[in-house]
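Have a look at the model before reading on.

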Amino acid sequence: MGKASFDYTGRTVLITGGARGIGLELGRAFVAWGAAVFLIDRDEDEVNEAAAEIGAHALAADVTDSAAVDAAVTEAVERSGRVDLLVNNAGILRDGVVWKLTDDDWAAVLATHLGGTFNFTRAVVPHFRAQGSGRIVNVTSYTGLRGNTGQANYAAAKAGIIGFTKTTAKELARFGITVNAISPNASTRMVASIPEDKLAELAATIPMGRFAEPREMAPAVAFLGSDEAAYITGVVLPVDGGISI
């Protein structure tokens, strides 16, 4: 990350979906900025390897399992003494046009994106309330606002996260807890699966002419998680090169 631009010394950051992509790069950045970082993912071997790579802690948990989520948050607090920032980043894809989506395709995507965001938010709130402070940053998507063919489940989940963000921001503000979201446009596994010619067409629609690297999401999350952003809550910050303009 180069020269540190944020100071998270003494703070604890939980990142779901932390074994790869945006989650891993967020973890890498927060470790560089001095935080105690807990990467959370359902694949134990993968998350252990990712955490070892960047100097973070690993927690294996399925975000759709509320008991596992509660246990993961409890363990993180017991090991670090506190929790300051939760980043709800975990997600999966089960693409298909709506008349071909199965019940499992629909339920799995909603349970992971939206259900996981709910489960982890609910689990950290008691700790935040006890501290009198806390930050939550959810990862949503431009697709949640505009839709995308073949992704009715994903779009519904990401739109739901926007509504969830705004509602919890209202509910938790009086406890010194802020809840915000970012809407990224980064080179992730989903982007990597797009054929090269189609990818070039999509990149041409972005005013900045390219997809972001996952690491470029980190400063936005760090700002929303900082003391300087204490009066910002309920916003969805596009980090998308202008595609949502």
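V13 has V37 as its bridge partner in β2. In this predicted model, that contact belongs to the pairing of β1 (residues 12-16) with β2 (residues 36-41), which runs in the parallel sense over 5 bridges.

**The sheet**
- Zooming out, β1 and β2 sit in an open sheet of 7 strands, paired in parallel and ordered β3-β2-β1-β4-β5-β6-β7.
- The edges go to β3 (57-60) and β7 (236-239); each has a single partner strand, so one side of each has no neighbour in the sheet.
- On average, neighbouring strands here are turned by 20° against each other, if you ignore direction.

**Helices on the sheet**
- Helix α1 (residues 21-32) packs on the sheet and touches β1, β2, β4 (85-88) and β6 (177-184).
- The direction of α1 makes about 165° with that of β2.
- Helix α6 (residues 152-172) also packs on the sheet, with β5 (134-139), β6 and β7 as the strands it touches.
- For α6, the angle is about 160° relative to the direction of β6.

- As background, nonpolar side chains in soluble globular proteins tend to be buried together.
- The largest nonpolar core here has 33 residues, and F30, L39 and I182 touch the most other members.
- Two or more residues of that core come from each of β1, α1, β2, α2 (44-54), β4, β5 and α9 (218-224).
- There's also a second, separate core of 24 residues, with I40, A72, V77 and I177 among them.

Technical notes:
Residues are numbered from 1 along each chain as its sequence is written. This is a predicted model: local features need pLDDT of at least 70, side-chain atom pairs count only at pLDDT 80 or more; totals for chains, interfaces and linings use all residues. Side-chain values use heavy atoms; hydrogens and water are left out. Two strands pair if DSSP finds at least two bridges between them. Helices (H or I, at least four residues) and strands (E, at least two) are DSSP runs, numbered from the N terminus. Axes are lines fitted to C-alpha atoms, for helices over the stretch in contact, and angles run from 0 to 180 degrees between N-to-C directions. Contact means heavy atoms within 4.5 Å. A nonpolar core is a set of buried Ala, Val, Leu, Ile, Met, Phe, Trp, Tyr and Cys residues joined through side-chain atoms within 4.5 Å. Buried means under 20% relative accessible area, exposed over 50%, partly exposed in between (1.4 Å probe, protein chains only).
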